Amino acid sequence: MFYAIRHFTRFRYSHPVWQSAMELRMQPRSENTQRCFTFQLSISPQSRVFSYQDHFGNFVHHFDVPGQHRQLTITADALVGVEVPTPLPESLGPAAWQELDAMIEREDYWDMLMPSRFARTSPELEALAQEVGVVERAGREPLELLTTLNSRLYQYFSYVKSSTGVNSAVEDAIRSRQGVCQDFAHTMIAMVRNLRIPCRYVSGYLHRDPGHADRSDEGATHAWVEALLPHIGWVGFDPTNNLIVGGRHIRTAIGRDYSDVSPTVGTMKGTAETELQVRVRVTPSDAVLPPDKEFAADEEWSHFLENNQQAEKVQAQQQQQQ
């Protein structure tokens with residue numbers, strides 16, 4: 001399946017700011033069953049964009065805006081092909097734990113085994129592990145244990161939009177029994193690492209369709225986890241929706257937790273309140289077409305971007321007067 005993706009981000013400032021510097025992790029990865037065919041960034045005010053790959057293999061684009069501005073908009077367009085992964089086996093066999101330990105001994109999975117900023121143990125997390133019955137390895141092989149944990153976290157948490165923030169600790173979600181996809185992922189990662197299974201955070205997009213009762217928010221990015229299993233490699237689990245990751249998940253970046261994969265990270269000079277607006281659209285495509293053609297017929301987006309262009313013209317006029 002091909003997907004055309006548009007990821008729109010707008011920062012509005014209550015007073016003019018300057019010397020904005022921004023890093024973006026928005027380009028979908030090309031590996032395994034996923035390939036990114038086209039990717040294009042549009043920045044306003046217009047800026048020269050540079051790029052590199054970080055140590056996790058994520059594409060990072062960065063730019064700066066030296067002049068005064070009261071609005072910064074970023075539009076990322078991508079066209080991605082995703083194949084449905086091979087179905088998982090029913091069991092990994094009685095020697096799976098020993099094989100997993102041997103893999104960990106042979107290769108370096110340190111980053112994905114140790115606690116990180118948002119995925120770490122705590123009394124609340126240990127109590128939750130007891131409640132959902134996932135405290136130790138004994139009694140279940142790795143795939144069965146991970147599938148069970150994925151399902152039980154889905155049952156434990158209610159998905160409530162804006163119930164937590166990007167800097168919230170997992171304890172906040174555990175105590176309230178509600179959160180967003182970031183909280184589901186951080187909680188599962190911390191528990192899985194406590195069982196000595198390498199586990200990492202994945203950010204990206206989920207294509208929603210009427211045939212699936214997805215709980216994650218439409219129009220936003222999504223997050224899930226990947227755990228390392230013998231004979232298979234990295235396997236994706238989506239505890240927000242109780243899914244094994246398949247052909248509807250589009251991977252953008254991987255890391256230890258959210259702090260490694262945030263779509264936008266930046267600084268600016270000036271004293272101003274910031275209003276952030278983010279919109280995401282994932283559209284199925286029958287053929288490899290440039291993203292602009294995919295979105296040209298989208299009246300909602302056309303109206304949305306037309307208003308944005310008018311705001312940019314006003315901003316340009318104000319800068320000329322200054």
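A227 has V235, in strand 10, as its bridge partner. Strands, like helices, are DSSP runs numbered from the N terminus (E, at least two residues, for strands; H or I, at least four, for helices). The model is predicted, so local features need pLDDT of at least 70 and side-chain atom pairs count only at pLDDT 80 or more, while totals for chains, interfaces and linings use all residues. Residues are numbered from 1 along each chain as its sequence is written, and side-chain values use heavy atoms, with hydrogens and water left out.

Strands 9 and 10 run antiparallel and are joined by five bridges; two strands count as paired if DSSP finds at least two bridges between them. They belong to an open sheet of five strands, ordered 11-10-9-8-12 with antiparallel pairing. Strand 11 (243-244) and strand 12 (249-255) stand at the edges with a single partner strand each, so one side of each has no neighbour in the sheet.

Helix 5 packs on this sheet, touching strand 8, strand 9 and strand 10, where contact means heavy atoms within 4.5 Å. The direction of helix 5 makes about 155° with that of strand 8; axes are lines fitted to C-alpha atoms, for helices over the stretch in contact, and angles run from 0 to 180 degrees between N-to-C directions.

The largest nonpolar core has 48 residues, and L128, L146, L149, F157, M188, I197 and F237 touch the most other members. Such a core is a set of buried (under 20% relative accessible area, 1.4 Å probe, protein chains only) Ala, Val, Leu, Ile, Met, Phe, Trp, Tyr and Cys residues joined through side-chain atoms within 4.5 Å. Helix 5 gives the most to this core, with eight residues. A second, separate core of 12 residues includes L24, I43, I74 and A76.

Technical notes
Buried < 20%, exposed > 50% of the residue type's maximum accessible area, 1.4 Å probe, protein only.
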